[in-house]
Amino acid sequence: MTHPNSDSAPVKVQQLINGEFQCSASKDWIDVTNPATQEVIAQVPCATADEVQQAIASAKAAFKVWRDTPVPARARVMLQYQALLKEHHDELAEILAQETGKTFEDAKGDVWRGIEVVEHAANIPSLLMGETVENVANGIDTYSYTQPLGVCAGITPFNFPAMIPLWMFPLAIACGNAFILKPSEQDPMTPMRLAELFIEAGAPKDVLQVIHGRKEQVDALLTDPEIKAISFVGSVPVGQYIYQTGTANMKRVQAFAGAKNHMVVMPDANKQQVVNNIVGASCGAAGQRCMAISVAVLVGDARAWVDDIKEALAGIRPGAWNDKQAAYGPIISPQAKQRVLSLIAKGKEEGATCLLDGSDCVVEGFPDGNWVGPTLFADVTPQMSIYSEEVFGPVLCVIGVDSLEEAIALINEHPCGNGTSIFTASGAAARKYQHEIEVGQVGINVPIPVPLPFFSFTGWKASFYGDQHAYGKQAIRFYTETKTITARWFESDIAASGPNMTIHL
Ligand code: NAD
């Protein structure tokens, strides 16, 4: 994955180009830091234009061979990959925890949710099955095949450096494509280890290429005619840019973007279950999850539960990745922490009641970490920045409403629609909610309803640009083209009649 420059210099993160793990010739390198200490643990290159072109050319050549590799052979690579990922689960989680700051258990979860997608990719023969109808006209049959697109690319965010690359390249490659991954420059070591294990699993060395960088490298992928499809996960503004630029360059694009997820709490719900679930859903991973609950909508008498939520949040604290008592880790960077702190300050300025303020959080032994303690705002209104913007920190906003109808109207007004949940004992309330809410993933007494890989990850509105979502059957449609064949086999070589001038079969 990396190689030391000298005894004292940070390790240099490699790229995977043309089947080789190699050190970039770039002069532009970005520090990768441990967010609990600010120690520079590695440096990641911004690939040169030439390196990006090499990756694209190599992927194009790889595709010509890989597309004809029998589908069961592709499935076997995924089976072997799944076994290797499980074998290296702890090792991957440790790398991931150090570069993201996630607690070890949370880092293991990040890897595990990716392993589940690889398991799904191992079912590729069944997933690729097309459709057939015999005898659509006399002696004529129609059937369809799903064929790969060519070279696909993925651009991934910092917050799930194992799961999100694994949402993309195993399925794209199982479909017969070649794939270029551009992981987040903030935590590139986990994706590089994933790539090493993929090659070890028996994948041809050049079907996966990994290049690093930022906008310039992404732009090269977005505009190159050899790239047929782009998968992106990240923030709303970048997602919009990727979707617009990729489609303007005639590519298929799926862009998963930011979120603001609400939990509706009905007064008939079990209070302790609500409180237990809201703590993890809002502050787990320091709130840096696209499915984190950042708004609790307390309905009717449930408004009084704000004190119980406050007490539970006050009982957790952040800490280093290997601190077993820590509920969550640091924010990814000092800049990201600053952004969270300024949104907390703005919340106070704009008139929300700050019941718990994590701005001055200190973690013993880690004076330089990007810590933010659990933060709770009550009396939040939709006009406030802490409500309209994605904070991406351990900050929970509470809004009180009188009825389920009012809760639904409030949530439907928000531009984002990634995930939501309702806690209730009423089947009727839950059904009304699942039917009327304009959000793509709904949990009923489940706080973070991330679908398992045989379904798809189906964010809506400003949380997703495109039509086919990640994993499940939709990913197969995204990474393939359908070819429909209409066939007639003559029983004799005598033409029954003269020229056929109609369009009828
Ligand atoms: P980001 O948008 O800053 O970066 C994502 C990727 O885009 C990175 O690889 C980055 O290098 C690249 N990038 C950044 N700026 C770019 C530009 N101007 N042009 C081209 N590429 C650019 O996101 P992040 O901070 O890494 O991740 C956090 C965001 O991701 C949050 O908003 C979160 O909600 C979102 N997210 C969404 C989902 C989902 O499924 N909807 C899942 C995880 C994360």
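Domain bounds in this account come from an automatic or database domain assignment. The model is predicted. For the chain, the assignment gives domain 1, residues 11-258 + 459-486, and domain 2, residues 261-413 + 419-444.

The centres of domain 1 and domain 2, taken over C-alpha atoms, are separated by 31 Å. The two domains touch. On one side, 21 residues of domain 1 take part, in contact with 24 residues of domain 2. Helix 3 (89-100), helix 4 and strand 22 (460-461) are the elements that give two or more residues to the domain 1 side. By class, that side of domain 1 has eight nonpolar, 10 polar and three charged residues.

The ligand also involves both domains. Domain 1 and domain 2 each give residues to the shell around the ligand, so the ligand lies between them. The shell holds 28 residues. Pro 157, Gly 234, Ser 235, Gly 258 and Cys 290 are the closest. Helix 8 (215-223) and helix 9 (236-248) are the elements that give two or more residues to this shell.

Helix packing was examined next. Two packed helices are described by the angle between their axes and the distance between the axes. For helix 4 (residues 104-121) and helix 6 (residues 163-174), the axes come within 8 Å. They cross at roughly 10°. Angles under 35 degrees count as roughly parallel, so helix 4 is roughly parallel to helix 6. The crossing of helix 4 past helix 6 is right-handed.

Residues from both helices form this contact. Helix 4 brings Asp 110, Arg 113, Gly 114, Val 117, Val 118 and Ala 121. These meet Met 163, Leu 166, Trp 167, Pro 170, Leu 171 and Ala 174 of helix 6. The contact of helix 4 with helix 6 has nine nonpolar, one polar and two charged residues. Helix 4 is also one of the elements on the side of domain 1 that touches domain 2.

How values were computed:
Residues are numbered from 1 along each chain as its sequence is written. This is a predicted model: local features need pLDDT of at least 70, side-chain atom pairs count only at pLDDT 80 or more; totals for chains, interfaces and linings use all residues. A residue is near a molecule or strand if its C-beta atom, placed from the backbone, lies within 6 Å of it. Helices (H or I, at least four residues) and strands (E, at least two) are DSSP runs, numbered from the N terminus. Axes are lines fitted to C-alpha atoms, for helices over the stretch in contact, and angles run from 0 to 180 degrees between N-to-C directions. Angles under 35 degrees count as roughly parallel, over 145 as roughly antiparallel, 65 to 115 as roughly perpendicular and the rest as oblique. A crossing is left-handed if the near helix is turned anticlockwise from the far one by less than a right angle, and right-handed if clockwise. Two residues are in contact if their C-beta atoms, placed from the backbone, lie within 7 Å. Ala, Val, Leu, Ile, Met, Phe, Trp, Tyr, Cys and Pro count as nonpolar, Asp, Glu, Lys and Arg as charged, and the others, Gly among them, as polar.
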